[in-house]
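Dear colleague,

I am passing on the structure below for your own work. Please read the notes after it alongside the coordinates.

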Amino acid sequence: MWRVARDSRTLDLNSSYTYLLFARDFAATSRVAISAGEVVGFVIGYLRPEAEDRLFIWQIAVDQSQRGQGVAARLLEALLADLPQVTHLETTITEDNAASQRLFASLAERHGAGHEIEPLMGAEDFPDDHDAEHLHTIGALNARV
């Protein structure tokens, strides 16, 4: 997962230790895509502690070799299929990440769900050079695909 995140050149790269901990502690709310024995995509999420019907997607990435083949959408659908208690999905996306915006908009459309976007963290909230993050909330996810 760390390699896919690093090679994406768009995600915030966390330490390899972080990905290993997430894989262990959030395995029930994360998925990987494997091709030829290698991880070629992943989604890492968690259930919000104060709202366990809401799945927050922390990161999703697909290796360059697999892009355009629906891997990210299939990862999300597989994850949602295993979490029937989830009625809403949340994620944050920067304004310049058109691919993620399309991915989550298409998920909302497939599920006939609402898709709300609102500011969550401004650039001024980050201690480093980071763009603002907008919260995308998709739900209710009543119609499972």
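Predicted model: local features only at pLDDT ≥ 70, side-chain atom pairs only at ≥ 80, totals over all residues.

Residues are numbered from 1 along each chain as its sequence is written, and side-chain values use heavy atoms, with hydrogens and water left out.

Q59 lies in strand β3, residues 51–62 (strands are DSSP runs of E of at least two residues, helices runs of H or I of at least four, numbered from the N terminus). Q59 is buried at a relative accessible area of 5%, where buried means under 20%, exposed over 50% and partly exposed in between, with a 1.4 Å probe and protein chains only. The side chain of Q59 reaches the backbone oxygen of D12 at 2.7 Å. Leaving aside residues up to four places away in sequence, Q59 touches L11, D12, N14, Y19, F42, V43 and I44 (contact means heavy atoms within 4.5 Å).

Helix α3 (residues 71–81) is largely enclosed by the rest of the structure, because eight of its 11 residues are buried. These are V71, A72, A73, L75, L76, E77, L79 and L80, and they pack against β1 (30–35), β2 (38–48), β3, β4 (88–93) and α4.

The side chain of E77, one of the buried residues of α3, makes a polar contact with the side chain of H111 at 2.9 Å (a pair of N or O atoms within 3.5 Å; within protein, one must be able to donate a hydrogen and the other to accept it, and residues adjacent in sequence count only if both atoms are side-chain atoms). H111 lies in the loop between α4 (98–110) and β5 (114–121), and H111 is also buried, at 3% relative accessibility.

With best wishes
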